[in-house]
Amino acid sequence: MNNVKVFGDEQLLMSLPKAAKVLNISVRSVRRHFELVRIGGAVRVRITDVQKKIAN
């Protein structure tokens, strides 16, 4: 989890495999159902989005 500046906002992000493990779904499902953030060559998911999914 990194504090990364994206478009001027600091956002907590996590990798796709880590998000998939937390949610117990496949990486492909993470790619389909979440908004992805690209930083250089890395693709990440916002932790707040993952937390909302867990809460529901």
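How many residues lie between β3 and β4 in their hairpin? There are two, and Gly 40 in the turn has a positive phi of about 60 degrees. This is a predicted model. Its mean pLDDT is 85, and 82% of the residues reach 70 or more.

**Confidence**
- Among the elements of the protein, α1 has the highest mean pLDDT, at 95.
- Strand β1 (residues 2-6) has the lowest, at 50.
- Where pLDDT is low, the predicted coordinates should not be read in detail.

- Leu 36 has its bridge partner in β4, namely Val 45.
- In a regular strand, side chains alternate between the two faces of the sheet.

**The salt bridge**
- The salt-bridge count comes to one, with a side-chain nitrogen of Lys or Arg within 4 Å of a carboxyl oxygen of Asp or Glu as the rule.
- The partners are Arg 46 and Glu 35, with their closest N and O atoms 3.5 Å apart.
- Arg 46 lies in strand β4 (residues 42-46), and Glu 35 lies in the loop between α2 (27-33) and β3 (36-39), so the pair ties together parts that are 11 residues apart in sequence.
- Arg 46 is buried, at a relative accessible area of 17%.
- Glu 35 is exposed, at a relative accessible area of 52%.
- Side chains of opposite charge can pair when their charged atoms come close.

**Helix α3**
- Helix α3 covers residues 47-55, and Ile 47, Asp 49 and Val 50 are buried in it.
- Viewed down the axis of α3, the buried residues fall within an arc of 160 degrees, so they line one face of the helix.
- Lys 52 and Ala 55 are exposed on the other side of α3.
- An α-helix has 3.6 residues a turn, so residues three or four places apart point the same way.

**Asn 24 and its backbone**
- Asn 24 has a positive phi of about 60 degrees, although it is not a glycine.
- Most residues other than glycine have a negative phi.
- The loop between α1 (16-23) and α2 holds Asn 24.
- Asn 24 is exposed there, with a relative accessible area of 69%.

Note on methods: Residues numbered from 1 in each chain as written. Predicted model: local features only at pLDDT ≥ 70, side-chain atom pairs only at ≥ 80, totals over all residues. Heavy atoms only, no water. Buried < 20%, exposed > 50% of the residue type's maximum accessible area, 1.4 Å probe, protein only. Helix = DSSP H or I, 4+ residues; strand = E, 2+ residues; numbered from the N terminus. Arc of directions from axis to C-beta. pLDDT = per-residue confidence, 0-100. Pairing = 2+ DSSP bridges.
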